[in-house]
Amino acid sequence: MSHTSTLVTGAHFAYIAQRTQPDDDFLIALKKAAAAAGIPPIWVAPEQIAFMGILLRLVGARRVVEVGTLAGYSAIGMARALPADGKLSTIELSPKHAAFAREWVAKSDVANRVEVLEGGGADHLPHFADGSIDAVFLDADKASYPEYLREGMRLLRPGGLMMADNAFAFGQLFDQHPTDREAPAVRRFNDFVPTVAGLDAVIVPIGDGLWVGVKREPAKPLPQPALE
Ligand code: DHB
Ligand code: MG
């Protein structure tokens, strides 16, 4: 029997989660306070944080941009994978969510590595210089992902890491009539990513599906043939 792919089930996800460092007391308290503040519990999974942290370390990330802060859970989780002088800029449209995230970032162990920028991705991404960023994580409004990806590709350095959340469309990827209004935008984005020049990316089945890609290094010029 061929094992090109093993069907990943809920049992596999639970198995993976049981073998991942769970949230620490601080992140548990953040989620509790967020629930009390009426912030929706649409967190990335702890094992996804662990995986993204590993990827950030592998690319030696020092400068990271996140689009979509929510309550700051993933920003704090990712910032923990950066060196002490690293910096993660996280962009959040909702003033309420941005204020909550700022408060919790300030109380966290990575307060000096995280800045919360209030506004949309289209407001803030243009202000980052070409090639100045090591990693980008998209986790905001899905209809804008293609635009965020285009900007992300501009600000990533060659060899930089691109990640995007929710490739499985909140579990509704294959639903004929998805109830989530953003599911069609996720499908469009999933079809768009493989067409993006200079990006090598694959959907990793962790959490709700995580796009992971690398911005290609420019092709090296061919060596000149030696003249006779
Ligand atoms: C939902 C989940 C997410 O991770 C996200 O970025 C947006 C929405 C959801 O479950 O609705
Ligand atoms: Mg998400």
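These notebook entries record what I looked up in this predicted model.

**Entry 1: the metal site.** I began with the magnesium ion (ligand 2), which is coordinated by Asp139 (OD), Asp165 (OD) and Asn166 (OD1) at 2.0 to 2.2 Å. I noted that these donors follow the spacing D-x25-D-N along the chain. Asp139 and Asn166 link distant parts of the chain, 27 residues apart. I placed Asp139 in the loop between strand 4 (133-138) and helix 7 (145-155), and Asn166 in the loop between strand 5 (156-165) and helix 8. I found both Asp139 and Asn166 to be buried.

**Entry 2: aromatic pairs.** I counted 4 aromatic pairs. Phe100 and Trp104 are stacked, because their ring centres lie 6.0 Å apart and their planes stand at 20°. The two residues are 4 apart in helix 5 (residues 95-107), so about one helical turn separates them. Tyr145 and Phe189 are edge-to-face, with centres 5.0 Å apart and planes at 85°. Tyr145 lies in helix 7 and Phe189 in helix 8, so this pair ties together parts 44 residues apart in sequence. I found Tyr145 and Phe189 buried. I also noted that Phe26, Phe100 and Trp104 form one aromatic cluster.

**Entry 3: charges over rings.** I found the charged end of Lys107 over the ring of Trp104, 3.6 Å from its centre. The charged end of Arg19 sits over the ring of Tyr15, 3.5 Å from its centre.

Definitions and conventions: Residues numbered from 1 in each chain as written. Chains lettered and ligands numbered in written order. Predicted model: local features only at pLDDT ≥ 70, side-chain atom pairs only at ≥ 80, totals over all residues. Heavy atoms only, no water. Donors = N, O, S within 2.8 Å, 3.2 Å for Na, K, Ca; no water. Buried < 20%, exposed > 50% of the residue type's maximum accessible area, 1.4 Å probe, protein only. Phe/Tyr/Trp six-rings, centres within 6.5 Å; stacked < 30°, edge-to-face > 60°. Lys NZ or Arg CZ within 6 Å of the ring centre and 35° of its normal.
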